[in-house]
Amino acid sequence: MAFRTNFIIIGCVFLLLSMHSVPTEAKVYQKCPLVKLLDGQQISRTLISNWICMINAESGGDTSKEVTLDNKTTSYGIFQINSKEWCRAGRKGGKCNTNCEAFLNDDISDDIDCAKLIYKDQGFSYWKGWVNKCKQKPLPDISMCWK
């Protein structure tokens with residue numbers, strides 16, 4: 001009987017520990033669902049292919065992507081929004097007045113709001129992935145996403 005009780009206790013502890021290590025809700029967006037989401041966020045349809053290309057180049061559509069750069073700043077989420085100017089790690093701040101970690105979950109409405117501010121301020125050139133993989137290159141075909 002003691003063996004069974006210990007086994008149950010160990011099992012419960014293991015379950016609790018494994019639940020604690022589950023990351024925040026994240027999502028990897030595919031092209032068409034992302035097109036529809038961006039279309040509903042007051043982003044010009046003529047620019048959505050650029051947004052899709054940039055997102056693919058920066059994060060592969062992964063909302064949980066977090067990259068620490070050589071300059072000791074970190075870029076967060078699907079748009080790889082950087083902590084140097086646009087958000088603050090651990091607290092609200094930056095030009096987007098947002099906690100950077102808020103960009104790591106599957107709710108990307110705040111990410112989109114911040115990305116639109118970045119675009120308004122610096123255009124797509126802010127994103128090196130867009131410069132290297134999208135600028136003056138064929139953009140993703142999103143025509144099938146409107147159907």
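Guide: A nonpolar core is a set of buried Ala, Val, Leu, Ile, Met, Phe, Trp, Tyr and Cys residues joined through side-chain atoms within 4.5 Å; buried means under 20% relative accessible area, exposed over 50%, and partly exposed in between (1.4 Å probe, protein chains only). The model is predicted: local features need pLDDT of at least 70, side-chain atom pairs count only at pLDDT 80 or more, and totals for chains, interfaces and linings use all residues. Residues are numbered from 1 along each chain as its sequence is written, and side-chain values use heavy atoms, leaving out hydrogens and water.

Visitor: Which residues of the largest nonpolar core touch the most other members?

Guide: Leu34, Leu38, Trp51, Phe79, Ile81 and Trp127 do, out of 33 residues. Helices are DSSP runs of H or I, at least four residues, and strands runs of E, at least two, numbered from the N terminus. Helix H3 (48-58) is among those that supply at least two residues; the largest share, six residues, comes from H3.

Visitor: Where is Thr98, and is Thr98 buried or exposed?

Guide: Thr98 sits in the loop between strand S3 (81-82) and helix H4 (109-122). Thr98 counts as buried because its relative accessibility is 11%. Contact means heavy atoms within 4.5 Å. Not counting residues up to four places away in sequence, Thr98 touches Cys87, Arg88, Arg91, Lys92, Gly93 and Phe103. Leaving aside neighbours within four places, Ile81 has contacts including Cys87 and Phe103.
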